[in-house]
Amino acid sequence: MKYLLIAVMAYLLSFAAMASDAVEYRTNLTFSPESSALNAVTEMQIPKKYRNSGTVALFLNKDFSVESVTGPHVDSFEVKQSKKVPIWNEVIIEFSSRTKAKNQTVRIKYAGSIDNNAQHGNLITSTQVHLSIDSAWHPVFSDFSTPIIGTVTVELDDDWEVFGPGQVTNSGNNYQVISTEPTIDVSLYAEKKPTSIYSDGFTVVHDDVNAERAEFVSNAGRQCFEQMNQRFGKHKQLKAAQTVLLERPGPSFARGNYISLNSQALGSKVHIHQYLCHEIAHNWTNFTSAMSHDYWMIESFAEYISAREVARIYGEEEFQNIVKKWQSRAKGEAFVWREDTDRRASHKVNYGLGPIALMKLQEKLGETAFDELIDWYMTSDVTETEALIKKVGTFADADTESWFSALLAGNNSE
């Protein structure tokens, strides 16, 4: 079951989306550390497009109990095992009336215990709380592609500190994690009297066993943070970023300016540096659905940008080592993108064949023109591959545009 969850999550990490498509949540959260339990009340918008079918399905932890689901036109609800992800439950909400309102708000009251030993990395103890979609602790839409924004209010003693995507504020014992950049889930980390390193807008929170490694993560993260802001900041400045570095099970992941690292799964210093740059670069990418066949762009551009950052700092040999990994991942993949298919690209494309295509495009356009293309992509609302292909033609000619289209379609191996 653990591997099923990791497989499901592989394509959700680093998800970004357009704010206009996001729906809102407000969650109040309290903890019972002695039983690794939480109590929550979530108010969520339900878009009209879901209510048209009469029912809406939200994922939730299978060990949680749902006390109530209330709201305008909510007729009933049931909780049952998900067929899509059997290790989770789905809360099925039935609406009695199909109103014309764009959004309806439902209020879900639920509680349950987190299994701290389930190998998904989520935990609730007397000194730490680490939560993400890996334990399905917060209700999210079961289509895996509905972005959400909102606020979690957490009640903790005043010697705690809370970290999460977006902005964190506190008033007395109430901490708010305010997320304005759309994402697929709700993640946060809280710790009693945490140890952290802060340097020029970049923070690393770490446990004792990672004290030495935290220094490197801090320096590498700050370099990436500064470089990306310098290059793309005219469009949007990233004011702060944070990394939580823990020896824990479960995958590393990022949500906007918040990165959670499993130190047990980290590779070499070069690998760590590239990973941080890749995730920080995502703060400038803008996309609607992680299920689209255009999704390759968001990952392949971040992968290529971060690899070039490795080349800048560690040299061309390390960049070529990354290229070899791309080539290994790309084996068996016939194409990156084709106009006549809506197949969502696999990780072999996103982190292999896609960046190889961008590398070949750089060779074709030249470094100066290609850098201008990257700047255009990263600072524009580019959501479709057709727009990228068309833009390539403006930096060269129609023949180059056709060449790139054929390259993506697997019809040009040059």
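Asp185 is found in the loop that runs between strand E14 and strand E15 (188-192). The model described here is predicted. With a relative accessibility of 3%, Asp185 counts as buried, because buried means under 20% relative accessible area.

Two polar contacts involve the side chain of Asp185. One, of 3.0 Å, joins it to the side chain of Ser187. The other, of 2.5 Å, joins the side chain of Asp185 to that of Arg255. When residues up to four places away in sequence are not counted, Asp185 touches Ser132, Ile133, Val140, Ile148 and Arg255.

## The largest cavity

Rolling a probe the size of a water molecule over the atoms shows where empty space is left. In this model, the count comes to one cavity of 30 Å³ or more. The volume of the largest cavity is about 40 Å³.

Asp185 belongs to the lining of the largest cavity, together with Tyr25, Pro165, Val177, Ser179, Thr183, Val186 and Ser187. By residue type, the lining divides into four nonpolar residues, three polar residues and one charged residue. Strand E14 (residues 174-183) provides the largest share of this lining, with three residues.

## Pro147

Is Pro147 buried or exposed? Pro147 has a relative accessible area of 3% and is therefore buried. Pro147 and Ser126 are 21 residues apart along the chain, and 32 Å separates their C-alpha atoms.

## Helix H10

Helix H10 comprises residues 398-408, and its buried residues are Thr400, Trp403, Phe404, Leu407 and Leu408. Why do they lie on the same side of H10? They do so because they cover an arc of only 130° around the axis. These buried residues pack against three helices, namely H5 (296-314), H7 (347-365) and H9 (385-395). The exposed residues Ala398 and Asp399 are carried by the face of H10 that is turned away from its buried side.

The two ends of the helix can also be described. At the N-terminal end, Asp397 caps H10, with a side-chain oxygen placed 3.2 Å from the backbone nitrogen of Asp399. Following H10 comes Gly410, whose phi is positive, near 80°.

Technical notes:
Residues numbered from 1 in each chain as written. Predicted model: local features only at pLDDT ≥ 70, side-chain atom pairs only at ≥ 80, totals over all residues. Heavy atoms only, no water. 1 Å grid on protein atoms, 1.4 Å probe; cavity = no way out; pocket = protein on both sides within 12 Å on 5 of 7 lines; lining within 4 Å. Points joined across faces, edges and corners; volume = space filled by probe spheres on them. Helix = DSSP H or I, 4+ residues; strand = E, 2+ residues; numbered from the N terminus. Nonpolar A, V, L, I, M, F, W, Y, C, P; charged D, E, K, R; others polar. Buried < 20%, exposed > 50% of the residue type's maximum accessible area, 1.4 Å probe, protein only. Arc of directions from axis to C-beta. Contact = heavy atoms within 4.5 Å. Polar contact = N/O pair within 3.5 Å; in protein donor to acceptor, adjacent residues only side chain to side chain.
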